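Colleague: I have some questions about how the terms are applied here. Shall we go through them in turn?

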Amino acid sequence: MTRTDRHAWLLPSAMADTPADSPPGRPPRRTVRDWGVDTLLFLVAAFFGLIAGETTEQLNSEVVAFADQLVGAAACCALWLRRRRPVGVAVVVIVVSTFAPVAGGAALAALFGVAVHRPFRQTAAVSALAVVSSTAQVFLRPDPSLHPLAAVVIGVVVTLLVVAWGMLVRSRRQLVEALRERARRAEAEAGLRAAQAQRLAREAIAREMHDVLAHRLTLLSVHAGALEFRPDAPPAQIARAAGVIRDSAHEALQDLREIIGVLRAPGDETGGERPQPTLATLDSLVAESREAGMKVVLDATLDDPAGVPAATGRTVYRIAQEGLTNARKHAPGTEVTLTVRGRPGDGLTVEVRNPAPTGPVPHVPGSGQGLIGLTERATLAGGRMEHGPAPDGGFALQAWLPWPS
């Protein structure tokens, strides 16, 4: 992922995101902050080198002092390579500082780079080499103004302080990187949850489409079949069936348009364009089925119909609609009993029963899908649904839904 933050130049290159077009294996490009830090370390190493060079000029000949200055300058220049080869540069500069005290500042800067950019095992090995180098320097190039033991202690303490500082910087960078990775993961998980919620919403709308259109198309099938097998029916009956077919086709098309409108705008939560049937429309559902020629007996006993939650009422409507649709398809001509009972605190019970068909029934493709969707719908609503053959050879569908008190 490419970082687009306008403050990315404030980050070290180790923490900045690598551009997508960067060749694999190539070290990250220095940021403005890296150039500033490298320049500062170069100047600090050169400053300590100048101080050590003055002492060298007083204790050694001009040739030795000039050679030390050349070595110190080369060691300071080598610091510009410490990001690519931190361990190699540190080892070379530390070994050189054993014989040339002018390179001592560069050696500490290189050791700091190892502590920042390399794991503890490599840092510990280079730190041990630095301690050995500073101890050997006390005896190879002694400073008369310091006691040897004091010089050894100062070298060890300074080395440990530089290493501790570098490891502190490394641990802070690791913490920041861990937090950034956690933020990326949380953002990705949030995106997945949003996509999953959208998918579930689309599946719910698809189930809604099946429930609505199955009912409408079943009415069309029943009346079209009646016209096909009763061509000698009275004109009034034919006109009535044709009117029902026309109204059902229009309503099915309207429902389909509304549902497709919801699918085109999945972020719209108003639900104004989506069909929202309730218990109040249950009577019209029964009347519509009776107009299609079904014999439906409605037994609705509710203590407080207006107090039924809207979501529960829609679920009851869909269960009744699917039960009547199944009875019309699989047991035409039989009397269907629709029972709805309940009260707050006890829940709602919906039952659709029909006896066995009196004659042969043609096979209907795709049967059973609606019952699967209704079972899932009832479970999501906190209830349960059972369906299966009745003892008298018919079919029974029964569901219970919660109705809080």
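Colleague: Among contacts in the protein chain between residues at least 6 apart in sequence, what share joins residues at least 24 apart?

Modeller: The share is 70%. Keep in mind that this is a predicted model.

Colleague: What does the secondary structure of the protein chain come to?

Modeller: It comes to 10 helices and five strands. The chain has 405 residues, and 35% of them count as buried.

Colleague: What about the accessible surface of the protein chain, and how much belongs to carbon and sulfur atoms?

Modeller: The surface is about 23,500 Å². Carbon and sulfur atoms account for 62% of that.

Colleague: On to helix pairs. How are two packed helices described?

Modeller: By the angle between their axes and the distance between the axes.

Colleague: Then take H3 and H4. Where do they lie, and at what angle do they cross?

Modeller: Helix H3 covers residues 86-99 and helix H4 covers residues 104-117. Their axes come within 8 Å and cross at roughly 155 degrees. H3 is therefore roughly antiparallel to H4, because angles over 145 degrees count that way.

Colleague: Which hand does the crossing of H3 and H4 have, left or right?

Modeller: It is left-handed.

Colleague: Which residues of H3 and H4 meet?

Modeller: From H3, Pro86, Val87, Ala90, Val93, Ile94 and Ser97. From H4, Gly104, Ala106, Ala107, Ala110, Leu111 and Val114. By class, the contact of H3 with H4 has 10 nonpolar, two polar and no charged residues.

Colleague: Why are H4 and H5 called roughly antiparallel to each other?

Modeller: Helix H5 spans residues 120-140 and packs against H4 at an angle of about 165 degrees. The limit is over 145 degrees, so the pair qualifies. The axes of H4 and H5 are 9 Å apart. Their crossing is left-handed.

Colleague: What makes up the contact of H4 with H5?

Modeller: Leu111, Val114 and Ala115 in H4 meet Gln122, Thr123, Val126, Ser127 and Ala130 in H5. These divide into five nonpolar, three polar and no charged residues. Leu111 and Val114 also belong to the H4 residues that meet H3.

Colleague: How do you know whether H8 and H9 are roughly parallel or roughly antiparallel?

Modeller: Helix H8 is residues 282-291 and helix H9 is residues 310-330. They pack at an angle of about 10 degrees, with axes 10 Å apart. Angles under 35 degrees count as roughly parallel, so H8 and H9 are roughly parallel. On the H8 side the contact is made by Leu282, Leu285 and Ser289. On the H9 side it is made by Tyr317, Ala320, Gln321, Leu324 and Arg328. That contact holds five nonpolar, two polar and one charged residues.

Colleague: Is glutamine 321 buried or exposed, and why?

Modeller: Glutamine 321 has a relative accessible area of 2%. Buried means under 20%, so glutamine 321 is buried. It is found in helix H9. Its C-alpha atom is separated by 7.3 Å from that of leucine 285, 36 residues apart along the chain.

Colleague: What makes valine 44 partly exposed?

Modeller: Its relative accessibility is 38%. Valine 44 is found in helix H1, residues 32-59. Valine 44 and alanine 106 are 62 residues apart in sequence and 8.3 Å apart in space, C-alpha to C-alpha.

Colleague: And why is valine 153 called partly exposed?

Modeller: Its relative accessible area is 44%. Exposed means over 50% and buried under 20%, so valine 153 is partly exposed. Valine 153 is found in helix H6, residues 148-229.

Note on methods. Residues numbered from 1 in each chain as written. Predicted model: local features only at pLDDT ≥ 70, side-chain atom pairs only at ≥ 80, totals over all residues. Heavy atoms only, no water. Axes fitted to C-alpha atoms, helices over the stretch in contact; angles between N-to-C directions. Helix = DSSP H or I, 4+ residues; strand = E, 2+ residues; numbered from the N terminus. Parallel < 35°, antiparallel > 145°, perpendicular 65-115°, else oblique. Left-handed = near helix turned anticlockwise from the far one by under 90°. Contact = heavy atoms within 4.5 Å. Nonpolar A, V, L, I, M, F, W, Y, C, P; charged D, E, K, R; others polar. Buried < 20%, exposed > 50% of the residue type's maximum accessible area, 1.4 Å probe, protein only. Areas by Shrake-Rupley, 256 points an atom, 1.4 Å probe, with all protein chains shown as cover.
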